[in-house]
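Me: I'd like to go through this one with you and ask how we know what we say about it. Can you show me the model?

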Amino acid sequence: NVNTGTLTNTPTWKSGANCKFGNCLDFASASSQYVTIPDSASIKQSASFSAAAWFKSSTANGVILGKGVGVATANYFLYLSSGNLVGAVRLDAYDSVTSGATYDDGNWHFGVVVWDDSVVKTLYIYADGALSSSGAFTGTPTTTTDPLDIGKTTAGLGYFNGQIDDVRVYNRVLSASEITELYNSSPANLE
């Protein structure tokens, strides 16, 4: 969606076998490295949305992507907590769903957080192309003019340590089949 980010504290560009597709960024949490993308309509989510990224880490905690500078003003997050993949959205409260497996094994994984704002408001977390967990919640996502950060957030969830590739934000629900397609293929122009 043609958003340009600013690298902070010099995360390292990698390519080839180091990445899932083409080029990726390598983040060192000890160096507080991250990418900041200024607020725009294409990343601000007030209704149904999906946010996805490929990630590779051997560290149990760290933010893959997050929109908002604190839990009270957050919009959405995708992060690792004790190795589990967590998807979160700020509604009337901070609501999240957690995977049933860990993903801090040093291999590439595909994480997707989906908020379905239809009649049954549901938050989903997908890991490696399959639904991992979901929960029904009430409310409307809190919007914020804060940036989208890749590799960190100021919500106290920690810096990411590892590689992140092919970050995507959609202003709609990705279907289970679309998520599986993204997982099983090279980067596609799925809009």
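Me: What is the strand order in the open sheet of 7 strands, and which way do the strands pair?
Reply: Keep in mind that this is a predicted model. The order reads β2-β3-β14-β5-β10-β11-β12, and the pairing is antiparallel.

Me: Why are β2 and β12 said to stand at the edges?
Reply: Each of them, β2 (12–15) and β12 (130–136), has a single partner strand, so one side of each is left without a neighbour in the sheet. On average, neighbouring strands here are turned by 25° against each other, direction ignored.

Me: How do you know that β5 and β10 pair?
Reply: Two strands count as paired if there are at least two bridges between them. Strand β5 (residues 49–56) and strand β10 (residues 108–116) have 8 bridges, in the antiparallel sense, so they pair. For F49, the bridge partner in β10 is W115.

Me: What makes α1 a helix that packs on the sheet?
Reply: Contact means heavy atoms within 4.5 Å, and helix α1 (residues 176–184) touches β5, β10, β11 (122–127) and β14 (162–170). The direction of α1 makes about 160° with that of β10.

Me: Which residues of α1 are called buried, and why are they placed on the same side?
Reply: To be buried, a residue needs under 20% relative accessible area; E178, I179 and L182 are the buried ones in α1. They cover an arc of only 100° around the axis, which puts them on the same side of α1. Their cover includes β5, β10, β11 and β14.

Me: And which residues are exposed on the other side of α1?
Reply: Those are S177 and N184; exposed means over 50% relative accessible area.

Notes:
Residues numbered from 1 in each chain as written. Predicted model: local features only at pLDDT ≥ 70, side-chain atom pairs only at ≥ 80, totals over all residues. Heavy atoms only, no water. Helix = DSSP H or I, 4+ residues; strand = E, 2+ residues; numbered from the N terminus. Axes fitted to C-alpha atoms, helices over the stretch in contact; angles between N-to-C directions. Buried < 20%, exposed > 50% of the residue type's maximum accessible area, 1.4 Å probe, protein only. Arc of directions from axis to C-beta.
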